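Colleague: I would like to learn how to read a model like this one. Please take me through it feature by feature.

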Amino acid sequence: MSINSWISLILYVLAAPFIGGALTGFDRWLSARMQARRGPSILQSFYDVRKLWQKQNLVVRSSQNFYVVFFLIFVIFTGGLFFAGVDLLMVVFALTLAAIFFVLAAYKTSSPYSFVGAERELMQMMAYEPMVLLTAIGMYMVTKSFQVDAIARHSGLLVLVLPGVFLGFLFTLVIKFRKSPFDLSASHHAHQELVRGMTTEFSGRTLALIEIAHWYETVFLLGWVYLFFASLPWLGVLAALAVFLLMILVDNAFARLKWHALKSAWVVAAVLGFGNILILSAFKA
């Protein structure tokens with residue numbers, strides 16, 4: 001790896017939890033304002049994690065902590081691979097592996113709420129994985145490389161060539177960020193009938209680690225959005241922030257279960273993602 005790749009990797013590992021935590025706090029603050037509430041401070045997410053870290057860590061089975069630790073490690077590993085500029089397919093594989101460890105942790109708690117949440121998380125993984133793979137394939141077809149650093153150095157705006165893939169990727173982000181109407185496995189809203197779904201039986205430092213992992217994951221996913229605009233860095237940063245605002249708007253505008261997650265995600269992947277790639281292949285031929 002180049003020096004720039006090492007710098008990007010180190011910056012991600014050190015700065016991502018602060019950026020992700022601030023974005024999560026802003027999400028909660030803006031969501032409250034949209035609902036005509038005052039809402040918490042933008043720094044509330046950091047206060048919550050600090051408080052969780054000081055609480056007693058009660059577990060059903062000690063092995064559940066093992067899986068949560070590896071969930072955090074592989075989320076950091078996924079973002080590290082991405083910002084280091086390595087193979088995008090390896091990034092997708094690492095992202096899936098991290099999600100599997102999270103599911104296994106929920107299964108280990110022997111809670112009916114966590115069990116159903118884990119089942120739903122597996123269903124959501126089946127929903128978003130095809131579009132995530134199509135996004136990587138679409139970027140390869142334009143840049144002739146799966147290397148993230150090579151994709152970032154591409155001279156043109158990928159979003160202009162891959163508009164369908166970009167829109168399909170945005171759809172998967174709603175699932176990946178667990179926003180309504182797809183907050184099926186775990187929700188930050190109090191109206192969730194599964195209480196907290198997958199994280200119902202987690203507490204203390206273990207729950208704090210899960211929150212930190214989500215902060216890392218948020219920064220990584222927004223980094224992927226940036227990749228569509230990487231030839232104009234300032235536009236990429238604005239686009240990533242705009243997408244995050246869009247996710248908050250969608251979360252507050254749609255009711256849960258309005259659409260079937262699996263069917264709708266596969267339709268989007270087939271029509272927008274695969275359709276965009278077919279058109280691109282036809283023009284290249």
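Modeller: Start at the surface. I3, I7 and L11 form a nonpolar patch there, with about 320 Å² of accessible area together. A patch takes residues with over 30% relative accessible area and no salt bridge; nonpolar side chains (Val, Leu, Ile, Met, Phe, Trp, Tyr) are joined within 5 Å, like charges within 9 Å. Areas come from the Shrake-Rupley method with a 1.4 Å probe, and for residues only the protein chains shown count as cover.

Colleague: What should I know about the model and its numbering?

Modeller: This is a predicted model: local features need pLDDT of at least 70, side-chain atom pairs count only at pLDDT 80 or more, and totals for chains, interfaces and linings use all residues. Residues are numbered from 1 along each chain as its sequence is written, and side-chain values use heavy atoms, with hydrogens and water left out.

Colleague: Where is I3 found, and is I3 buried or exposed?

Modeller: I3 is found in helix α1, residues 3-34. I3 is exposed, because its relative accessible area is 66%. The cut-offs: buried is under 20% relative accessible area, exposed is over 50%, and partly exposed lies in between (1.4 Å probe, protein chains only). Helices are DSSP runs of H or I with at least four residues, strands are runs of E with at least two, and both are numbered from the N terminus.

Colleague: Why might residues such as these line up on a helix?

Modeller: An α-helix has 3.6 residues a turn, so residues three or four places apart point the same way.

Colleague: How many helices and strands are there in the chain?

Modeller: The chain has 11 helices and 0 strands. As for overall form, a compact globule of 285 residues would have a radius of gyration near 19 Å; the chain has 19 Å, which agrees. That radius is taken over C-alpha atoms, and the globule rule is 2.2 Å times the number of residues to the power 0.38. Along the principal axes, the C-alpha atoms fill a box of roughly 60 × 45 × 40 Å.

Colleague: How do I read burial and contacts for the whole chain?

Modeller: Buried residues make up 52% of the 285. The accessible surface comes to about 13200 Å², and 71% of this belongs to carbon and sulfur atoms. Contact means heavy atoms within 4.5 Å. Of the contacts in the chain with a separation of 6 or more, 77% are between residues 24 or more positions apart.

Colleague: How do I check a helix for length?

Modeller: The 22 residues of helix α3 (residues 63-84) should span 32 Å; its end C-alpha atoms are 31 Å apart, which agrees. Just after α3, G85 takes a positive phi of about 85 degrees. Helix α8 has 14 residues and reaches 20 Å from first C-alpha to last, close to the 20 Å expected.

Colleague: How many residues of α8 are buried, and what do they pack against?

Modeller: Of the 14 residues in α8, 12 are buried. Among them are F166, F169 and F171. The buried residues of α8 pack against α4 (88-108), α5, α7 (158-161), α9, α10 (233-253) and α11 (261-284).

Colleague: How many salt bridges does a search of the whole structure find?

Modeller: The search finds 5. A salt bridge is a side-chain nitrogen of Lys or Arg within 4 Å of a carboxyl oxygen of Asp or Glu. One joins K179 and D27 at 2.2 Å, N to O. K179 is in the loop between α8 (163-176) and α9 (204-227), D27 is in helix α1, and they are 152 residues apart. Both are buried. Another joins R178 and E121 at 2.9 Å, N to O. R178 lies in the loop between α8 and α9 and E121 in helix α5 (residues 112-143), so this pair ties together parts 57 residues apart in sequence. R178 and E121 are both buried too.

Colleague: What should I look for in the backbone?

Modeller: Most residues other than glycine have a negative phi, and most peptide bonds are trans. The peptide bond from S180 to P181 is cis, with omega near 10 degrees. P181 lies in the loop between α8 and α9.

Methods
Expected span 1.5 Å × (residues − 1).
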